[in-house]
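Have a look at the picture, then read through the points in any order you like.

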Protein chains: 2
Amino acid sequence: MGLLLLCNGGFMLLAALVSGLYQDGVTQEITLSAILTLLIGIVAMFFTRGHKKEVKRKEGYLIVTLGWLVMSVSGILPYYLSGAIPNITDAFFETISGYTTTGASILNDIERLPRGIIFWRSLTHWIGGMGIIVLAIAILPLLGIGGMQLFAAEAPGPNADKLHPRITDTAKRLWLIYVGYTAAETILLQLAGMTFFDAINHAMATLSTGGFSTRNASLAYWNDQPLIQYIVILFMFLAGGNFVLSYFAFKGKVQRVLRDEEFKYYGIFIVLFVIVAAVVVYTRANVQPGEMFPMVLGEGESAFRHALFQVVAVITTTGFVTADFTAWTPFLTVFFFGLMFSGGSAGSTAGGIKIMRHILIIKNGLLEFKRTLHPNAIIPVRFNQKTVTEHIVYNIIGFFVLYMLLFLIGASVLGMLGLDFVSAIGGAASSLGNVGPAFGSLNPLSNFSGLPVLGKWWCAFLMLAGRLELFTVLILFTPYFWKRT
Amino acid sequence: MGLLLLCNGGFMLLAALVSGLYQDGVTQEITLSAILTLLIGIVAMFFTRGHKKEVKRKEGYLIVTLGWLVMSVSGILPYYLSGAIPNITDAFFETISGYTTTGASILNDIERLPRGIIFWRSLTHWIGGMGIIVLAIAILPLLGIGGMQLFAAEAPGPNADKLHPRITDTAKRLWLIYVGYTAAETILLQLAGMTFFDAINHAMATLSTGGFSTRNASLAYWNDQPLIQYIVILFMFLAGGNFVLSYFAFKGKVQRVLRDEEFKYYGIFIVLFVIVAAVVVYTRANVQPGEMFPMVLGEGESAFRHALFQVVAVITTTGFVTADFTAWTPFLTVFFFGLMFSGGSAGSTAGGIKIMRHILIIKNGLLEFKRTLHPNAIIPVRFNQKTVTEHIVYNIIGFFVLYMLLFLIGASVLGMLGLDFVSAIGGAASSLGNVGPAFGSLNPLSNFSGLPVLGKWWCAFLMLAGRLELFTVLILFTPYFWKRT
């Protein structure tokens with residue numbers, strides 16, 4: 001925790017530097033936040049300097065959950081001390097929405113914020129994304145969560161049995177790609193006409209599949225600059241794909257990428273969904289122009305681009321917005337609600353259920369019919385040409401069931417707090433899936449500022465549970481965890 | 001199929017008799033329907049008289065699904081020939097909604113219908129309910145579907161290995177209870193002030209957990225006669241409970257009933273849900289009188305009764321209505337939407353996922369945390385003091401996953417056909433769970449007549465799939481089923 005605070009303090013210093021460069025008037029406050037965070041980190045490390053460095057399996061769950069919470073709590077400081085968000089609930093919501101790379105916001109006017117604060121906001125996404133890459137590829141497989149074991153052998157790095165050297169090595173290689181992609185997107189966006197500040201903030205929010213924008217209108221601000229939107233689409237697609245595959249691609253092992261079953265379906269699903277959405281948007285836009293659309297989507301390219309952008313933004317759980325997809329057609333509203341449950345690839349920065357789990361659940365579901373007909377035969381599921389053990393399949397199905405139950409409970413609680421039906425189920429699905437924009441009163445043109453206080457804390461909990469693949473967080477609430485063994 | 005048609009023709013003769021007694025002018029048409037149905041049945045039996053009577057496992061799925069379809073197709077005749085429903089789509093929808101004991105209707109003015117037709121409508125529920133009792137307790141366990149194997153040893157009757165004598169025996173004993181309950185409710189309702197005609201129709205619709213009423217306002221017609229509503233609540237509760245337990249209760253084995261785990265949770269869930277709903281209804285009714293309620297629910301007893309009635313009506317998937325629960329409060333809308341996924345007990349006439357499956361899924365889910373912490377331990381689920389095999393647990397989870405997927409697909413298709421978001425997801429949940437009333441444009445005060453033609457066929461499919469526990473119907477669409485072995 002101390003080490004995490006040191007890192008976080010370091011990142012705050014970076015935000016303070018940005019604040020100073022733009023002379024936005026809150027440089028002192030951000031610097032103070034950084035110093036406070038660093039101090040607490042140093043004190044924590046000092047008092048635990050004698051502790052053993054070995055991490056046991058059980059401690060793993062606690063470290064991951066507490067780690068994300070410690071980051072979020074310390075991350076409040078710049079917002080709070082600068083007065084940008086004067087209220088603890090709102091500041092915590094915005095921070096955890098950042099670190100979980102959700103991108104749901106309570107800010108009504110982003111453009112009026114000091115630049116240092118806007119930068120810090122994007123940075124929370126980017127830090128969260130770094131954490132998730134390591135989590136998904138190096139830590140969760142070891143903790144045995146939701147089928148991530150499938151990727152245990154996939155991670156680059158030495159195949160050591162010890163946790164520590166392996167994580168460090170994997171993290172270094174994948175972070176390099178993450179940093180490289182962020183730099184590449186920043187440069188491309190700038191070449192396409194964005195200012196440097198807008199470009200780097202959007203790059204950080206894209207690669208982490210977060211979705212915080214520097215503009216109130218999100219990416220709709222650049223609706224007359226298609227090139228910018230296409231660049232963002234490309235990088236959302238990359239961020240929602242397995243980073244290990246990016247690593248192999250850079251190593252020249254392109255065959256390895258194309259043979260990957262999850263990547264194949266990730267591509268197929270996006271193409272299919274974009275065709276459906278684009279056809280509906282195009283047809284309706286031309287049949288009843290201007291009636292159901294907040295923006296003119298009449299031209300072919302425009303209909304295609306908006307459909308593509310929103311499908312990729314929701315599947316990868318980024319949540320950037322070029323148009324209010326909840327206002328397109330009733331069918332597309334249901335359609336995008338369904339996509340909230342998709343999620344990107346395992347080993348990406350995307351949230352949600354993830355393509356890999358959907359494939360395995362569907363495959364197993366189809367085979368269940370075969371098993372019903374032949375009750376004595378053993379019929380295993382195969383993934384990437386390998387047999388998947390029953391244990392992992394049931395782990396994945398267990399994850400799915402838990403996800404749906406938490407969604408139902410999540411929606412019920414929001415309903416109990418006074419949200420209408422559509423907002424309640426939309427808000428729960430979006431928070432749990434780390435998407436960002438939702439439906440009803442939480443639609444893409446609106447935000448989460450109108451939620452009651454308890455609703456904000458509840459959504460924060462859903463974001464964290466969803467981000468850490470449910471088990472990591474929820475296991476701490478079971479008696480089994482606290483029982484001595 | 002021939003035998004089923006003979007039975008159905010016999011029931012139509014009964015409806016013709018009722019029609020004749022009330023001289024409603026359609027006696028000839030209903031008699032003609034009966035004769036046609038009997039004739040086709042006789043012809044079918046004549047041509048298959050040489051066939052072997054042995055039924056294999058695979059044929060079981062086909063017989064069940066085709067059986068329900070043959071009943072529904074022949075059941076159209078009275079509606080169609082009498083001109084009560086002049087359109088095939090609507091007539092099929094109303095018939096299958098009857099036989100699947102859903103209770104969703106396309107009729108805008110029930111009270112204007114000839115009495116023989118109203119009686120036939122209730123009768124389709126009652127016949128469907130008879131079919132379901134045998135299906136749930138004697139056939140599905142043998143077909144290995146969705147954990148119903150748990151009840152294989154529970155059915156009363158000789159523990160023979162052969163399918164035929166066992167089914168006949170079980171059916172006879174449980175049908176006796178079914179008929180007895182129907183008679184008892186009819187008498188009680190009449191004593192409480194209903195006409196005989198209203199009483200017997202409502203009794204048939206209650207015991208089958210169907211929900212067709214003789215009145216346009218459903219049970220709200222008797223809102224000033226609480227006794228009638230309490231009687232209906234009691235019998236909905238009995239119909240949503242396992243009929244095998246009723247059998248044991250009549251045999252004097254009350255301990256056997258009270259020890260039953262599913263029955264215990266069935267009771268606990270209802271009590272908890274009623275408390276939540278009643279408190280919200282009572283508070284809101286007194287805080288903002290008349291504002292959100294279509295009827296005055298101000299008094300304590302009234303708030304309690306409406307909450308109790310609607311909770312029991314939705315959990316047991318009966319779908320009778322005393323008040324528009326979708327207009328109470330936003331929270332209660334989400335709450336009742338959640339209840340649509342509950343379902344009554346296994347071995348009842350109720351639809352939905354069923355209490356037994358929920359208990360096992362929740363138990364297994366909690367144990368999954370224990371298993372994650374102790375990956376090498378074998379930790380089985382227990383139900384009714386017995387260990388449940390892994391095979392059955394995964395069968396049940398498979399059912400749940402399939403149910404949720406079919407719900408999502410169901411809602412998407414309805415959305416694609418032009419329904420708004422709330423109506424689409426409400427309509428899919430209600431059809432799949434065989435509840436009846438839904439949300440949005442399909443709310444309890446409205447009906448399914450406004451659905452597009454394709455939407456009616458789609459909902460009919462969902463009703464049938466839900467009623468026959470998904471696997472029985474969907475297995476026919478897999479290549480495994482049609483492969484020769």
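The points below start with where the two chains meet and then turn to single spots in each chain.

1. A word of caution to begin with: this is a predicted model.

2. Start with the place where chain A and chain B meet. Together they bury about 4,500 Å², and 82% of that lies on carbon and sulfur atoms. On chain A, the trio A:Phe369, A:Phe421 and A:Tyr480 accounts for 17% of the area that this chain buries against chain B, more than any other three residues. As for head counts, 46 residues come from chain A and 46 residues from chain B.

3. What about polar links across that interface? The rule turns up 0 salt bridges between chain A and chain B, while 4 residue pairs are in polar contact, both partners at pLDDT 80 or more.

4. The top contributor is α15(A), with 12 residues. Sorted by class, this side of chain A holds 30 nonpolar, 10 polar and 6 charged residues.

5. Next, zoom in on A:Gly128, which sits in helix α5 (residues 115–143) of chain A. Is A:Gly128 buried or exposed? Its relative accessibility is 2%, so A:Gly128 counts as buried, the cut-off being under 20%. Beyond the residues within four places in sequence, A:Gly128 has A:Trp68, A:Tyr99 and A:Thr101 as contacts. If you want a distance to check, the C-alpha atoms of A:Gly128 and A:Gln149 are 22 Å apart, with the two residues 21 positions from each other along the chain.

6. Over in chain B, look at B:Asn364 in helix α14 (residues 355–373). B:Asn364 also counts as buried, because its relative accessibility is 6%. Its side chain makes a polar contact of 3.0 Å with the side chain of B:Arg371. Setting aside residues up to four places away in sequence, B:Asn364 touches B:Val381, B:Val393 and B:Ile397 as well as B:Arg371.

7. Last, trace helix α3 (residues 57–82) of chain B. From first C-alpha to last, its 26 residues reach 40 Å, close to the 38 Å expected at 1.5 Å a residue.

Definitions and conventions. Residues numbered from 1 in each chain as written. Chains lettered and ligands numbered in written order. Predicted model: local features only at pLDDT ≥ 70, side-chain atom pairs only at ≥ 80, totals over all residues. Heavy atoms only, no water. Helix = DSSP H or I, 4+ residues; strand = E, 2+ residues; numbered from the N terminus. Buried < 20%, exposed > 50% of the residue type's maximum accessible area, 1.4 Å probe, protein only. Contact = heavy atoms within 4.5 Å. Expected span 1.5 Å × (residues − 1). Buried area = accessible area lost by both parts, 1.4 Å probe. Salt bridge = Lys/Arg side-chain N within 4 Å of Asp/Glu carboxyl O. Polar contact = N/O pair within 3.5 Å; in protein donor to acceptor, adjacent residues only side chain to side chain. Nonpolar A, V, L, I, M, F, W, Y, C, P; charged D, E, K, R; others polar.
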